[in-house]
Amino acid sequence: MPIGKTANRRSTCLYWMLVYVHLLTIILLLTCTGSIVAEEINHQRASEALRQAVAFFRTQVSIEGGYLWQYSDDLKKREGEGKAAPSMAWVQPPGTPSIGRVYLLAYQRTHDAYYLEAAIETGMALVKGQLESGGWDYRIEFGTKKREKYAYIIDGAPDGARNTSTLDDNTTQSALSFLIRLDQVLQFKNTDIHTASTVGLEALLKAQYPNGAWPQRFADYPKATDFPVSPANYPDSWSRTHPRQDYRSFYTFNDNTISDTIHLMLDAAEIYNQEKYRQSALKAGDFIVLAQMPDPQPAWAQQYNSAGQPAWARKFEPPAVTGGESQGVMRTLIQLYQRTGEKKYLDPIPRALDYLQSSLLTDGQLARFYELKTNRPLYFTQQYELVYTDDDLPTHYSFKVSSKLTAIRRQYEAVLALKIDRTRSSAKEGEQNTTRKSIPWSESLTKSAAEVIQKMDDRGAWVENGQLRYQDDNDPTRKIISCRTFIQHVDTLSAYLSSTK
């Protein structure tokens, strides 16, 4: 054999031997890394970390069991959707009810009474913020003098005090969703929690319109004679300038107002085994069917006036058919069918899907607003002039939205093949909700829990890079404590603990 070929063959063998050694080294490193993670975290370490994190939030962050959205890392600055005083808590997610829910979940997963105690503490903060009208404002004031401005039930509701319950942004719904679950875990024996839950649910029954809709906010309850039941229809004409009208009483799909309330009422029907809550949810589903616009635009508007016509809300929310909320409405209809077996809730979907598919923009998105009857996309300039062009849009609002039509159509076709039992027992479903299945152990969950523990500081806080949105431009804050992050990490740790019991 020629000497050159022998040398080449030896070089080739050496090359592949080096590759093999390199790959083996990588495998060994990965194996060792996995072993290190396994050694760094165990059930006891995770349990200690979870207790430390919750204790920090309860003793250092909380105001009488209530919470906001974000804090500076030194806790001297705080905000919900706006700047917040030290005496203020926020209801709107990811505020107080969201924290309460993750405490309750931690208790259900670990059976550690400390987390039930934390959940009750947060539940009582909501009790102190419940208004005479039955629901909650975005915020709760705990300062003695400031509380006088609100009609809190627990304080005796002084005349002239603020008494507007809001369903916007899942505010009242999230408070009640947490409270009814806490009430269930407490076996309905805590009088304060039980009373707040039932008073809130009864208020929603009274605030529901004859056609099944709910308003964005309410301070009193509608008179049936003022709100005739009529199908959605187009107005003969509409103003192209904002009329500065009060839109809070309109039938509102915006920000998932009706969808969130439907899910709450269905859950309440199961937890309390009360048919009236289920009927309320079904009535709201009937409104969704009634609110579908007739041809040529068989989808939905953000909000409707008492005549069943699309109407203005804020200065950048005109009377229009919406490509945004219409997608959420269809998902709600599918979920209603899944939970009730009532096929009538699926009937509006094919026409709406076909219409919206034909209305896609050239970039594959949907316009947030389509002009009534003409179906031309509507936009606003930065000076809030209503136009047909999208080259000068305000940046605080999404005037174009992603299309989820393919996924919605797939989901619709999948549920068509299901046979849903229309006679399902709410009582049985409520009983099933009292316990949660154990979470299976996995390497990814273990790794996530280890990473969460590693990110904790000595106080038990998770500090991250960020800014407080509502501080001054010159504010130096660059490190924050986020309630959303806290919720995610507590969920991870309690899930890990459930998987390693």
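Which residue forms a salt bridge with Glu 64? The partner is Lys 128, with the closest N and O atoms 3.1 Å apart. A salt bridge here is a side-chain nitrogen of Lys or Arg within 4 Å of a carboxyl oxygen of Asp or Glu.

## Model and confidence

This is a predicted model, in which local features need pLDDT of at least 70 and side-chain atom pairs count only at pLDDT 80 or more, while totals for chains, interfaces and linings use all residues. Residues are numbered from 1 along each chain as its sequence is written, and side-chain values use heavy atoms, with hydrogens and water left out.

The protein chain averages a pLDDT (the predictor's confidence in each residue, from 0 to 100) of 91, and 89% of the residues score at least 70. In residues 1-7 the pLDDT is below 50, and this stretch has 2 contacts in the model beyond near neighbours in sequence; a contact means heavy atoms within 4.5 Å. Residues 425-435 also have a pLDDT below 50, with 15 contacts beyond near neighbours in sequence. Where pLDDT is low, the predicted coordinates should not be read in detail.

## Salt bridges

The count comes to 26 salt bridges. Helices (H or I, at least four residues) and strands (E, at least two) are DSSP runs, numbered from the N terminus. Glu 64 is partly exposed at 41% relative accessibility, and Lys 128 is partly exposed at 27%. Buried means under 20% relative accessible area, exposed over 50%, and partly exposed in between (1.4 Å probe, protein chains only).

Glu 275 and Arg 278 form a salt bridge at 3.5 Å, N to O. Both lie in helix α9 (residues 275-291), 3 residues apart, about one turn of the helix. Glu 275 is partly exposed at 40%, whereas Arg 278 is buried at 15%. Arg 314 and Glu 317 meet at 2.6 Å, N to O; Arg 314 is partly exposed at 31% and Glu 317 is buried at 1%. A network of salt bridges links Arg 181, Asp 267, Glu 270 and Arg 339.

## Sheet and packed helix

An open sheet is formed by 4 strands in the order β2-β1-β14-β13, with antiparallel pairing. Its edge strands, β2 (78-79) and β13 (463-465), each pair on one side only; two strands pair if DSSP finds at least two bridges between them. β1 and β14 (residues 479-482) are joined in the antiparallel sense over 3 bridges, and Gln 70 stands opposite Ser 482 in β14.

Helix α15 (residues 483-499) packs on the sheet and touches β1, β13 and β14; its direction makes about 55° with that of β14. Axes are lines fitted to C-alpha atoms, for helices over the stretch in contact, and angles run from 0 to 180 degrees between N-to-C directions.

## Nonpolar core

A nonpolar core is a set of buried Ala, Val, Leu, Ile, Met, Phe, Trp, Tyr and Cys residues joined through side-chain atoms within 4.5 Å. The largest has 136 residues, of which Phe 57, Tyr 103, Trp 300 and Tyr 304 touch the most other members. Helix α8 (residues 257-272) supplies the largest share of this core, 9 residues.

Leaving aside residues up to four places away in sequence, Tyr 103 touches residues including Val 54, Phe 57, Tyr 67, Tyr 115 and Phe 486.
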